[in-house]
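Dear colleague,

My notes come after it.

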Amino acid sequence: VKMFQLFIEANRKEINHVFVFPFQTGKNSTFKQWLFFFNLYGFFGSFVKATKLFRQKFVEKKFKSIFDLLEQKNIQYTIATSPSEKCVIDYIQNAHPDIVFCALPQIVPNEILNAPKIGTFNKHSSLLPSYRGVYPVFWQMLNHEKLLGISVHKMEEKIDKGHIVFQKSFDRDMNASFDENYDFIIDQTSDVLNQAYQLIKKEHFKPIIPTSKGSYYGFPSQKD
């Protein structure tokens, strides 16, 4: 919820509906996600990480669920398993929205991409077109990049393609832990989304033209 809280609070009167999807990216994806974290942290590190998250959520109560936030702001929401579900597609097509924002690792069908008047937009945690795909923060750190970044782009059928609307780069210590840099990107996301949204809704944005073909990365292996 940290990733979107400030954006939702700033624009709650303009948000018509929110769809919340579970933690998955496809067949066996939940298992792959947890396997990635196990490979990243190891057995002891995974135990420490899980203990820390449990303490923050249930003891220190630092985490506020997305559902609590949406209910507090009187924003309607629906829990669905995939953006390809008929109920999701039907709702968006019948709502005739101006803009749809997405931040999920699942394929969004063309019926949704083409439904809004202005477009469907996605947040990605890299300076696109570099580091398209999954776990961009991990790959940027592994490759010793000097900068981390967040991009907002108009979505099209090809993954992480489409006109780049807004980007922001951050000079970060790549010797810091993955958690520190990942949490930093999460903390910056709402502000980036809000800046992009202000440009998009006025339809005054000029696409950022990439200077390279970019790169694509999949799930890290244990070797990585």
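Below is what was found, taken place by place along the chain.

Please bear in mind from the start that this is a predicted model, and that the values here were computed from it.

Let us begin with Ser151, which lies in strand β6, running over residues 147–154. Is Ser151 buried or exposed? Its relative accessible area is 0%, and because buried means under 20%, Ser151 counts as buried. The side chain of Ser151 reaches the backbone oxygen of Ser126 at 2.5 Å, and it also reaches the backbone nitrogen of Leu128 at 3.0 Å. Leaving out residues up to four places away in sequence, Ser151 touches Asn122, Lys123, His124, Ser126, Leu127, Leu128, Phe166 and Gln167. Pro129 stands 22 residues from Ser151 along the chain, and the C-alpha atoms of these two are separated by 9.1 Å.

One of the residues touched by Ser151 is Lys123, which belongs to strand β4, made of residues 119–124. Lys123 has a relative accessibility of 12%, so it too falls under the 20% cut-off and counts as buried. With which side chain does the side chain of Lys123 make a polar contact? The partner is Ser125, and the contact is 3.1 Å. When neighbours within four places in sequence are set aside, the residues in contact with Lys123 are Met3, Cys102, Ala103, Ile150, Ser151, Thr189 and Leu193.

Thr189, one of those contacts of Lys123, takes us to helix α7, which bends by about 35° at this residue. The helix covers residues 178–201, 24 residues in total, and it reaches 34 Å from its first C-alpha to its last, close to the 34 Å expected at 1.5 Å a residue. After α7 comes Glu203, whose phi is positive, near 55°. As background for looking at a helix, an α-helix has 3.6 residues a turn, so residues three or four places apart point the same way.

Cys102, also in contact with Lys123, is buried, with a relative accessible area of 10%, whereas Cys87 is partly exposed, at 41%. How many disulfides does the structure hold? The number is 0.

Methods: Residues are numbered from 1 along each chain as its sequence is written. This is a predicted model: local features need pLDDT of at least 70, side-chain atom pairs count only at pLDDT 80 or more; totals for chains, interfaces and linings use all residues. Side-chain values use heavy atoms; hydrogens and water are left out. A disulfide is a pair of cysteine sulfur atoms within 2.5 Å. Buried means under 20% relative accessible area, exposed over 50%, partly exposed in between (1.4 Å probe, protein chains only). Helices (H or I, at least four residues) and strands (E, at least two) are DSSP runs, numbered from the N terminus. The expected span of a helix is 1.5 Å times one less than its number of residues. The bend at a residue is the angle between axes fitted to the seven residues ending there and the seven starting there. A polar contact is a pair of N or O atoms within 3.5 Å; within protein, one must be able to donate a hydrogen and the other to accept it, and residues adjacent in sequence count only if both atoms are side-chain atoms. Contact means heavy atoms within 4.5 Å.
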